[in-house]
Amino acid sequence: MAYFGPYPWWTPEQVEFQKKTAAFLDTLVEEEMVSRWTREFPFELYEKIGATGMTGAAIPAEYGGLGLGATGSCIVAEECWKRFPGIGRIVVGNFNGGLRQVYEHGTEEQKKRMLPPIAGGELGAVAITEVTAGTDASGMSLVAKREGDYYVLNGRKRFIVAAGVADRYFIYAQTSFDPVDIKKHRHLSAFIIHKGDEGFHSEKINEILGFENVQNGSLYLKDVKVPVADRLGEEGEGWAILMGGLNFERTNIAATMSGLHRGMIQYIFDYPARRVQFGKAVIDQPIVQEKIANIIMRAKILRDSVFVTAYKWDLGMDVTIDASAVKGLAAGLALQSGDDASQIMAGDGINRFYPIQNWFELGKADHIAGGTVEACRLTVYGQGKKKLGEDAVMPRRVLDPKLRVPVPTYKPVEAKVEATAENLLAILAENYLINPGLHMMPEDIMMYMDADADKVQELIAELKAAGDVITVDNRKTGAAKLVAASYPGLDKAHDRTWYEWYPEYVKADPRRTF
Ligand SMILES: Cc1cc2nc3c(=O)[nH]c(=O)nc-3n(C[C@H](O)[C@H](O)[C@H](O)COP(=O)(O)OP(=O)(O)OC[C@H]3O[C@@H](n4cnc5c(N)ncnc54)[C@H](O)[C@@H]3O)c2cc1C
């Protein structure tokens, strides 16, 4: 069995689907490569792919899909990108362009009406980005104004995959200018519009790195009328819909990066095994073997992570951190592997007569598509701060009584001390030894002192007035957020010798202390 085969938790249907998808896509590779050379969008090829229903892999059967979950869509993304990242991007763009958004936020009527075309391969796109709204997607200014049973949309979008060739566009627009709504991200709404809608045009096609046979471009909307029935969710829910859609998109993009690795792996053994320099195959050079090993390591870690994330989706778990984490790392790994793979093949690695250069270039493009790798990290940081809970709590540290070095402990504090300024200074002095360089938060102090938050603030203020502590204060309330003993405070709490600590080898030699 191939190493990059099914995972043990896949259902028999998912296992069979991977096999069938791979076999079918194998039949299209020649045609796809020709379209890269002619730089023509391969409409016929896409139609063949669309007709298989694979773009509906993640759509439940009741809405015309294959019911294979996010695992199914990741199988499609990966298998396509192993063979042809160009048209693969369009296939993935189709299900990123509305599938999850409609499934999660559509009414029953909308699901029945909008999901079957996605499952049937109708070419779709997602339109978020604007001139003013890149990473700060909420800064978009394409406007949707309600007029009776319609919204009238005016504005522009840019960097849209499948611009000009897609039939369906999942588009976000500003519906409120109220500063409170804007602050609370309630100013956006989501709509579906279609090619041929009056006033809807493509404006420009970008010459983007790695885009050989597919399009990425700008959209122009002038008084485009969209029925209220084609708004997804309530007015003002656009941001929540957008973020949910991005999680799905990022998971699928990570799967494409796994496919990209698998694509390159097809070449990294066989090419250098046949390339002779200095009288022997270059694969016999340890430095080449190291590059191959690095690519395989990245491929393995990434693929496991992609399909575990997909499985979590399918179990209905929260994947907000996972989706951005896996996409944020995937693009970096892809770029490194593209660099290694192209280096193994050197001149041929960056030459269009071999396909490696295209995967290499697209590793870079996907540093940016679906939210930059930095934007992924913003999400991971923000969500991590909220959701990692006890996994991200530094253990309490205490002084080992014998060695007088800090050691972590999970035991509770045995007894709290009385709330006095003197005791607070003693706690801060001990913190100087236990957590060198760190201030304490009021809640840290409350672990050791029998005092509520107000009392702690009162004692801090008393010590501050005496010059015994330094603080960082809340700008609005003036309350101390962080506090540490000042140098005079440390002296007041204990004699100099109380703070001293020397390793045994220093203690043993009196010339080395002072
Ligand atoms: C190949 C490709 C396909 C795409 N497809 C689509 C599509 O189909 N639909 C769509 O709507 N959009 C699409 N995009 C647009 C893409 O989502 C945006 O390009 C991306 O969100 C970044 O926006 P920007 O290019 O305007 O960069 P900017 O937002 O201007 O960012 C510039 C730099 O600043 C960094 N930065 C910005 N803000 C912060 C911050 N707060 N903290 C740290 N760093 C920050 C960025 O990470 C980046 O390095 C695509 C882009 C590419 C390249």
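Visitor: Which residues of H15 meet which residues in H17?

Guide: In this predicted model, Ala421, Leu424 and Leu425 of H15 meet Leu459, Glu462 and Leu463 of H17, where contact requires C-beta atoms, placed from the backbone, within 7 Å. Local features need pLDDT of at least 70, side-chain atom pairs count only at pLDDT 80 or more, and totals for chains, interfaces and linings use all residues. Residues are numbered from 1 along each chain as its sequence is written.

Visitor: How do the residues of that contact divide?

Guide: The contact of H15 with H17 holds five nonpolar residues, no polar ones and one charged; Asp, Glu, Lys and Arg count as charged, while Ala and Leu are among the nonpolar.

Visitor: Why is H15 called roughly perpendicular to H17?

Guide: The axes of helix H15 (residues 421-434) and helix H17 (residues 453-465) come within 9 Å and cross at roughly 80°. Angles of 65 to 115 degrees count as roughly perpendicular, and therefore H15 is roughly perpendicular to H17.

Visitor: Which domains does the chain have, and how far apart are the centres of domain 2 and domain 3?

Guide: The assignment, automatic or from a database, gives domain 1 (11-122), domain 2 (124-236), domain 3 (243-390) and domain 4 (396-512). The centres of domain 2 and domain 3, taken over C-alpha atoms, are separated by 30 Å, and their contact takes six residues from domain 2 and eight from domain 3.

Visitor: Which domains give at least three residues each to the shell around the ligand?

Guide: Domain 2 and domain 3 each do so.

How values were computed: Axes are lines fitted to C-alpha atoms, for helices over the stretch in contact, and angles run from 0 to 180 degrees between N-to-C directions. Helices (H or I, at least four residues) and strands (E, at least two) are DSSP runs, numbered from the N terminus. Angles under 35 degrees count as roughly parallel, over 145 as roughly antiparallel, 65 to 115 as roughly perpendicular and the rest as oblique. Two residues are in contact if their C-beta atoms, placed from the backbone, lie within 7 Å.
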